[in-house]
Amino acid sequence: MLAELDTPHTEQDSRPSTLRIAVASSEGERIDQHFGQTELFRVYDVSASGIVPLGDRDVGEHADGDEDRRDTICRMLKDCGVLLVAKIGMCPKDSLAGAGIEAVETYAFEYIEQSVIAYFKDYLARVGKSEIRHVQRGDASIRQGAFTEA
């Protein structure tokens, strides 16, 4: 699938071997949700070997008291480098960027698998050209039972 990306890396190579991506999707087929209306984010790992669905993260199950919804989402997606959405406003986009999560609308209404692969290829190309720097992500703050395996 992504065999052309599966090349040996040197120690100095900063390309990621895996990237974790969250997706706003209602049915799990297409990127079809507006950020503000998404209650369930689908999470995937993508690498040269392909895509691995990790499960779903429910905003309501991660909410911490009267915590702002955006803060909840940033906390529960902290281990993701990117969020693919159909639409997002500037304020939430800025909140995610502050948490180190890139919000991308480029693949709105496209199929998830094809979009995740296309994004990963583009991401690797930008890292290779030193346009961006890959940053290893930390763990998300996930409540027990709030992460549904795929």
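Predicted model: local features only at pLDDT ≥ 70, side-chain atom pairs only at ≥ 80, totals over all residues.

Modeller: Residues are numbered from 1 along each chain as its sequence is written, and side-chain values use heavy atoms, with hydrogens and water left out.

Colleague: Which strands pair with β1, and in which sense, antiparallel or parallel?

Modeller: Helices (H or I, at least four residues) and strands (E, at least two) are DSSP runs, numbered from the N terminus. Two strands pair if DSSP finds at least two bridges between them. Here β1 and β2 run antiparallel, joined by seven bridges, and Ala24 lies opposite Phe41 of β2. With β4 (residues 82–84), β1 pairs in the parallel sense through three bridges; Ile21 has Val82 as its bridge partner there.

Colleague: Is Gln33 buried or exposed?

Modeller: Buried means under 20% relative accessible area, exposed over 50%, and partly exposed in between (1.4 Å probe, protein chains only). Gln33 has a relative accessible area of 17%, so it is buried. This residue sits in the loop between β1 (18–24) and β2. In β1 itself, five of the seven residues are buried.

Colleague: How many disulfides does the structure hold?

Modeller: A disulfide is a covalent bond between the sulfur atoms of two cysteines. The criterion is a pair of cysteine sulfur atoms within 2.5 Å, and the structure holds zero disulfides. Cys74 is buried at 11% relative accessible area, whereas Cys91 is exposed at 51%.
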